[in-house]
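I opened my notebook to write down what I looked up in this structure, one topic at a time.

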Amino acid sequence: EKPQSGEVTEGGNITFVAKVSATSLLKKPTVKWFKGKWMDLASKSGKHLQLKESFDRNTKTHTFEMHIIAAKANFAGGYRCEVSSKDKFDSCNFDLAVSTEPDLDVWDILRHAPASSYEKIAFQYGITDLRGMLKRLKKMKKEEKKSEAFLKKLDPAYQVTKGHKIKLAIEVANPDVEVKWRKNGQDIQPTGRYIFESVGNMRYLTINHCSLADDAAYCCVVGEEKCTTELFVKEPPVLIVKNLEDQMVMNGERVELECEVSEEGANVKWEKDGVELTRDESFKYRFKKDGCKHFLIINEASKEDCGHYKVKTNGGESMAELMVQEKQLEVYQSIADLTVKAKDQAVFKCEVSDENVRGTWFKNGVEVQPNARINITHIGRNHKLTIDEVKPEDEGDYTFVPDGYAFNLSAKLNFLEVKIDFVPRQDPPKIHLDCLGRTAESTIIVVAGNKLRLDVPITGDPAPTVVWTKAEKCAEEYVGDKNGRCGDGRVHVETTKGHCIFTIEGAERQDEGVYSVVVRNPAGEDTADINVKVVDVPDPPQAPRILSMGEDSCVVQWDPPAFDGGHPIIGYVVERKKTRSYRWMRLNFDPYPDTTYEAKRMIEGVQYEMRVYAVNSIGMSRHSPASQPFVPVAPTSQPIGLCVDDLSDTSISLKWRPPERIGSSELMGYGVEYCKEGSDEWIPAMEGLTDKTSIKIRDLTTGEKLQFRVRAYNMAGPSSPTCLTQPVTIREIMQRPKILIPRHLRQTIIKRVGETVNLMIPFQGKPRPIVTWSKDGEPLNPSSVNVRNSEVDTILFIRKTDRQHSGKYELKVQIENVEDTGCVNLQIVDLPSPPEALKIADIWGFNVALEWKPPKDNGNCEITGYTIQKAEKKTMEWFTVYEQYRRANCIASDLIMGNEYVFRVFSANLVGLSLEACNTKDSAFIQKKGIEYKPPSYKDPDFAEAPKFTHPLVNRSVIAGYSATLSCSVRGIPKPKVTWYKNKMDISNEVKYRMLSKQGVLTLEIRKPCPFDGGVYMCKAVNESGEDIVECKLEVRRECPSG
């Protein structure tokens, strides 16, 4: 329901009401009231303006009211009401007119009054200058000149929506005349936007694609005459076509929030957590427009920028969440263990993702200080520790710790001491390893993708040959070529003096196993097994499952990945996104240890998807497949008012009311269940769900004690149940029979012959009572009257009524020995028969007396009157003398002398006039007779009236030397004689005074009075009927000398 235009008297109150249906809305709508184009009335609430709202849960209707209290004249004008909810928007315009109490205009009263009343009106409203009043009235009574050029002018104002077209029309008197159209006083030239049309007397101006520039005053000129109007261009609301999307960025990164609106160049407002954003001094926020797209840019995001950002237009708003996460430092190249000889150079080198990160080098937990031999460098992302001329004391564990991050990179520096031993020439080969065997402590672990390097010290003379084999590959031998490569090129075997080195570039999962090294020379051989374990990030988990949903949350579950990468799973990372978005948002930053996670802070009614990463000590897996799309909704509240509506031996009827809160998801239906007393097994009362709020459950066992409950279902599942307060025993309850005769059937029912009678009378009673109808104590005839009975009512039906159907119909309902009765009176009426024995009782002058008897058949209802008609015997044209005449005799008057008349009478009742009339057997002749005229005598009226002053003299004070007048008015018939007195002395013959009398207005003019002329003046009026006097005081003051 839209607010309607209204009018209020100044100082009065008025209320405008807007109603919004909430059946298709996900959340409460927002309503704004405006005056004019942009004045928001929310900030004007106070003494004269109050805004109220309410919600009806039964009809699901929001009511918004605007109360204007003690209206003022400046409150008048155009108003607008806008309602919005997410992507839905509507608005309407209405007007308020404030009228003032009309002031009495004495000139308007005089203009419409007769001339004889001028004197009375003048004195009533204090007009003393009657001559000037008459002159002004003469000018006012000149008729205004009517427009000769225009037959129909423009309306005072027009309104059009921006982008639409409007057509202005006038009608001129001369079809051949030329007209000019002007805009703000300037002539309009016909173009593609402005089109002139001339059709007969009509002239049209069409404006296409109206813009804000067309909001102006327009004028149509015909010769010397013109008519004007004002055009208001209304801007349509700017809608948000593409909403903002949630974003998660790293600290220091650039953020760009983007939205798209429906109109190019529209103004938008950006807010963060409810506070409007502006271009501050630091230029942290930048606002950018590109056609319909609007951008909010944050150059370097920080933790303080986390929050909810909102973009607003006059037609809607959109909100997104920005989350800023601290950067995670990635290691592109870690430092590796080194084995160097004396006097050699040792270089530890690593590469990280951030070139601005600095770090510290430690040796065995002690910070390394640079000196002449030790050099520390930092170039871009590379950090390097260089040790020249390595000494035995340089051996140890070296660690690089990035500043501000809780991890480190470690490697070991092994010092290879060169010893010269004199050994026999035949020295059997020997493998010097500490990690022999297959125990966990002796296993070498390598990360998939990294280099696997097995450096085995060996001795023997002569230099032994080395053969590497892998047990899982059926003793596959790795023998290097001249460059040391073998197999697919990833494996590299190298033998140097005192060492044999086995290298695999980019270790893979299949490279895991037991590697055997065999060294042989003529003096013998030696064998060693090395257990290698390749660890990797885990496989991605399977697609997650949504277990349950709430109003703004959901519970998601997934299965662990099939392969954990060789290291235990330490947790999972969960992400979500809106289905229509492309940006995933991380929900947890630390690995979550369980496989069930509750996601919160979601928007009800928006469709989401979820995915999961598995995390072990090596890293994070690829993401799982996305879950099935889902919408977070909460179950409805429980149904209310569950009660028993009806009960029988084998069935029960239940009814309830819908839940108070349904939520954003549609209500799918209701489920009804019951269980036996003492049992916990709930049995569905029907298959599926029902849309109705009532149900009848049949085929129950008589005497069983059952408990019933009902639950509401939506997308989120069932609500909490509503149960009956106590179990119900399935047994019909005896109810006394009672007839409920409707109010309109308690009076006599009158029907015309041939009409249909259909009487439905409800009754109560359990079990089903026996229904019996009778008429006047006799059973009904089934051939003429039909009766149909149900469990709650009975119907008496007569297809075509006849007079014999009239009578008293009795109804009896009986259960065993208990009964109740009722009756209905039916009266069938028809047209009456004509009256009887119509005769002419007497004839005198121009009158004829008629008499008749009532009809034999009154049609089964009271005779309401008679219709008497007359006709001249020559023409036999009938004319009605009386209608609805109640008596059985009448006098027909005003008959024409010399004519002969016949008469007839119809009888009438509720149905109508009788079909036939009763005619007089004889005719009546009106004879001619002489008539003597006696003029009436009248008594002459007496209009005599004693004199009476209708307006008295008024005390005055005048200046000497200036003429003065004293005025009064008198009334009397015949015209009274008027005499003026000064200090009780007659001054009629004094030259100094001038007496005037016109239409009862008496004026005494004193020419250039002096102080001697002051005193008491009296006016006396005398006629035959009496006399009257009136007096006043006159004070004559001397003129004050100037200076």
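**Ground rules.** I am working with a predicted model, in which local features need pLDDT of at least 70 and side-chain atom pairs count only at pLDDT 80 or more, while totals for chains, interfaces and linings use all residues. I number residues from 1 along each chain as its sequence is written, and side-chain values use heavy atoms, with hydrogens and water left out.

**Overall form.** I looked up the secondary structure and found three helices and 86 strands, where helices (H or I, at least four residues) and strands (E, at least two) are DSSP runs numbered from the N terminus. The protein is more spread out than a compact globule, because its radius of gyration is 57 Å, well over the 31 Å that the globule rule gives for 1043 residues; the radius is taken over C-alpha atoms, and the rule is 2.2 Å times the number of residues to the power 0.38. Along the principal axes, I noted that the C-alpha trace spans about 190 × 120 × 65 Å. Buried residues make up 38% of the 1043 residues, with buried meaning under 20% relative accessible area, exposed over 50% and partly exposed in between (1.4 Å probe, protein chains only).

**Strands.** I followed strand β7 (residues 77-85), which pairs in the antiparallel sense with strand β3 (residues 30-35) over six bridges; two strands pair if DSSP finds at least two bridges between them. Thr30 has Ser84 in β7 as its bridge partner. Nine bridges also join β7 to strand β8 (residues 88-99), again antiparallel, and there Cys81 is partnered with Cys92 in β8.

**Cysteines.** How many disulfides does the structure hold? I found zero, taking a disulfide as a pair of cysteine sulfur atoms within 2.5 Å. For Cys220, the nearest cysteine sulfur is that of Cys227, 5.0 Å away, and Cys220 counts as buried because its relative accessibility is 0%. For Cys1010, the nearest cysteine sulfur is that of Cys1032, 17 Å away, and Cys1010 counts as partly exposed at 31% relative accessibility.

**Cavity.** On a 1 Å grid over the protein atoms alone, a cavity is a set of points where a 1.4 Å probe fits but cannot get out, and lining residues have an atom within 4 Å of a point. I counted one cavity of 30 Å³ or more. The lining of the largest cavity includes Glu245, Asp246, Arg576 and Trp584, and strand β48 (residues 569-578) gives the most to it, with three residues.

Notes:
1 Å grid on protein atoms, 1.4 Å probe; cavity = no way out; pocket = protein on both sides within 12 Å on 5 of 7 lines; lining within 4 Å. Points joined across faces, edges and corners; volume = space filled by probe spheres on them.
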